[in-house]
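How are the helices of this chain packed, and where does its nonpolar interior lie?

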Amino acid sequence: MICDPRWRVLSFALLAVALVAPVRAQQAVQLDGRNLTTEQIVEVAAKNVPVAIAPAAIERMSHALSVLLLAAEKGIPIYGLNHGVGQNKDKTIFKGPLTPEARKASERFNANNLRATSAGAGPDAPEITVRAAMLIRLNTMLVGRTGAQIQVAELYRDFLNHRIHPVLPTRASVGEADITIHAHVGLAMMGEGEVV
């Protein structure tokens, strides 16, 4: 396990910018997956400015999900949807269209995957860092290339706007990027993780 000092650096940097940035009206930051600025990250993370999702981003997400589901229906293996992930990448979760039974199987697999990968440890990340990380993840999702359901983006928005902050640990294993940390967000969205 390692403690990534970037968490602390990011928190201090956001606080420093927040202290010198001019205060503006609490107009929502419009996210479209393309134009998020450092100033907007500070406004949302440090000043709790609300976020809104641009309709064009919702359309892109909807289109990407439709393409993904069509590919799955045609039997094309889709990582994390109809096939597993990691060491289970060759495991078939379901074949054919996303029937109610297939959907349950995929949801069960992904819920268990979140439980298995939420292996971060160490001190909790500061609220400002959690908000920045969630905002950036949401904005990245809005590019419309992940195939994520619109409800996931709406949950990120709602968590930010209602100041629901998943408890994110700051330590994870080397080589796993942030998967073991961000899985805690998914658990919170499923009602199983800790929030503050």
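## Packing of H6 and H7

In this predicted model, helices H6 and H7 pack at an angle of about 90 degrees, with their axes 11 Å apart. Because angles of 65 to 115 degrees count as roughly perpendicular, H6 and H7 are therefore described as roughly perpendicular to each other.

On the H6 side the contact is made by Val152, Leu155, Tyr156 and Phe159, and on the H7 side by Val185, Ala188 and Met189. The residues of this contact comprise 7 nonpolar, no polar and no charged ones.

## Nonpolar cores

The largest nonpolar core holds 31 residues, of which Val51, Met134, Leu138 and Leu142 touch the most other members. Two or more residues each are given to this core by strands E2 (29–31) and E3 (51–53), and by helices H2 (38–47), H3 (55–73), H5 (127–141), H6 (150–161) and H7 (179–189). H5 supplies the largest share, with 7 residues. Apart from this core lies another one, of 10 residues, including Leu81, Phe94, Ala102 and Ala105.

Val51, one of the residues that touch the most other members of the largest core, is in contact with Ala28, Val29, Leu31, Val44, Leu135, Leu138, Arg157, Leu160 and Asn161, once its neighbours within four places in sequence are left aside.

## Positive phi values in two loops

Asn48, which lies in the loop between H2 and E3, has a positive phi of about 60 degrees although it is not a glycine. Arg163, found in the loop between H6 and strand E5 (169–172), is another residue other than glycine with a positive phi, here near 55 degrees. With a relative accessibility of 48%, Arg163 counts as partly exposed, because that class covers values between the limits of 20% for buried and 50% for exposed residues.

## The chain as a whole

The secondary structure of the protein chain comes to 7 helices and 5 strands, and from the N terminus on these elements run β-α-β-α-β-α-α-β-α-α-β-α. Among contacts between residues at least 6 apart in sequence, 68% join residues that are at least 24 apart.

Of the 196 residues of the protein chain, 42% count as buried. The accessible surface of the chain comes to about 10900 Å², and carbon and sulfur atoms account for 58% of that surface.

Key: Residues numbered from 1 in each chain as written. Predicted model: local features only at pLDDT ≥ 70, side-chain atom pairs only at ≥ 80, totals over all residues. Heavy atoms only, no water. Core = buried A, V, L, I, M, F, W, Y, C linked by side-chain atoms within 4.5 Å. Buried < 20%, exposed > 50% of the residue type's maximum accessible area, 1.4 Å probe, protein only. Helix = DSSP H or I, 4+ residues; strand = E, 2+ residues; numbered from the N terminus. Contact = heavy atoms within 4.5 Å. Axes fitted to C-alpha atoms, helices over the stretch in contact; angles between N-to-C directions. Parallel < 35°, antiparallel > 145°, perpendicular 65-115°, else oblique. Nonpolar A, V, L, I, M, F, W, Y, C, P; charged D, E, K, R; others polar. Areas by Shrake-Rupley, 256 points an atom, 1.4 Å probe, with all protein chains shown as cover.
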